[in-house]
Amino acid sequence: MMMLFFNVPPLAAISSDLVASAVMKPIGGYVHLRHGTVNLRLVAWLCAGSVPAAFCGVFLARAFDTEAAAQQAVKYALGVALLLAVAGLVAKAFLAVRERSGAEADIAQISLRPIPTLLVGMIGGATVGISSVGAGSLIIVALLALYPTLKANQLVGTDLVQAVPMVAAAAVGHLLYGDFQLHLTTSLILGSIPGVYLGARISSRAPPAPSSAPCSPWSCSPPP
């Protein structure tokens with residue numbers, strides 16, 4: 001939106017978004033921690049891959065000879081990341097069917113898969129460092145595939161908490177390059193803090209998916 005509607009340069013838009021995210025995500029993560037919808041062991045494995053990858057992703061985005069070439073490369077990377085995010089949301093809709101039919105797991109008792117989780121963190125972190133896209137879509141979809149018994153609010157809470165150090169690392173990388181714009185980031189923060197607080201309150205209290213689809217007047221059989 002910043003690029004399309006406000007003509008903000010790609011690198012400035014991404015760095016401002018990341019700095020704003022570094023401020024607002026701890027608020028959402030704190031709400032989920034209070035409601036017990038975060039698996040800290042899973043967070044640790046994700047951060048082991050995502051934090052260094054996010055920081056390195058910034059340098060990858062700037063690995064060009066000129067500022068114009070870097071801006072153009074980031075614009076293409078942002079387009080690819082957005083397409084992947086849309087594909088991830090579609091995939092999530094299909095994978096969520098498993099949650100309706102499968103048994104729910106205690107978030108503290110799930111069996112961790114360290115290496116796949118580490119790889120998910122690395123890929124997600126690099127994507128966030130380059131484009132600022134992926135923390136709330138690509139990583140959640142990958143976690144849903146790896147841990148299908150986790151409920152939706154547990155996926156959101158775990159992803160929010162691991163995203164705090166990840167976006168902070170990416171934000172530091174962009175700050176080092178001087179892409180940050182204070183007035184733009186301030187506007188984002190003023191709108192995002194109340195939004196993320198309300199959103200986290202809603203998602204942390206969200207009920208699990210129903211075990212079966214509701215019947216319709218044409219599919220329900222009358223009671224005996």
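## Overall make-up

Of the 224 residues in the chain, 42% are buried; buried means under 20% relative accessible area, exposed over 50%, and partly exposed in between (1.4 Å probe, protein chains only). This is a predicted model, in which local features need pLDDT of at least 70 and side-chain atom pairs count only at pLDDT 80 or more, while totals for chains, interfaces and linings use all residues. Residues are numbered from 1 along each chain as its sequence is written, and side-chain values use heavy atoms, with hydrogens and water left out.

The chain has 8 helices and 0 strands, in the order α-α-α-α-α-α-α-α along the sequence. Helices (H or I, at least four residues) and strands (E, at least two) are DSSP runs, numbered from the N terminus. Among contacts with a separation of 6 or more, 89% are between residues 24 or more positions apart; contact means heavy atoms within 4.5 Å.

## The nonpolar cores

A nonpolar core is a set of buried Ala, Val, Leu, Ile, Met, Phe, Trp, Tyr and Cys residues joined through side-chain atoms within 4.5 Å. The largest has 27 residues, and those touching the most other members are Leu18, Leu42, Leu143, Tyr147, Leu150, Leu155 and Met166. At least two residues of this core come from each of helix H2 (10–34), helix H3 (40–61), helix H5 (114–131), helix H6 (138–146) and H7. H7 contributes the most, with 6 residues. Another core, of 5 residues, lies apart from this one and includes Met2, Val8, Ala12 and Leu184. In soluble globular proteins, nonpolar side chains tend to be buried together.

Gln162 is in helix H7 (residues 152–177). Gln162 counts as buried because its relative accessibility is 0%. The side chains of Gln162 and Asp159 are joined by a polar contact of 3.1 Å. A polar contact is a pair of N or O atoms within 3.5 Å; within protein, one must be able to donate a hydrogen and the other to accept it, and residues adjacent in sequence count only if both atoms are side-chain atoms. Beyond its neighbours within four places in sequence, Gln162 is in contact with Val43, Leu46, Cys47, Ser50 and Ile139.

His174 is also part of helix H7, and its relative accessible area of 0% makes it buried. A polar atom of the His174 side chain is 3.3 Å from the backbone oxygen of Gly129. Leu18 is in contact with His174, as well as with Val128, Ser132, Val167, Ala170 and Ala171, leaving aside neighbours within four places in sequence.

## The start of the chain

Phe5 belongs to helix H1 (residues 2–6) and counts as exposed, at 60% relative accessibility. Asn7 sits in the loop between H1 and H2. Asn7 is exposed because its relative accessibility is 69%. Its phi is near 55°, a positive value in a residue other than glycine. Most residues other than glycine have a negative phi.

## Leu33 and Val161

Leu33 lies in helix H2 and is partly exposed, with 44% relative accessibility. Leu33 and Val161 are 128 residues apart along the chain, and their C-alpha atoms are separated by 8.2 Å. Not counting residues up to four places away in sequence, Leu33 touches Val38, Leu40 and Val161.
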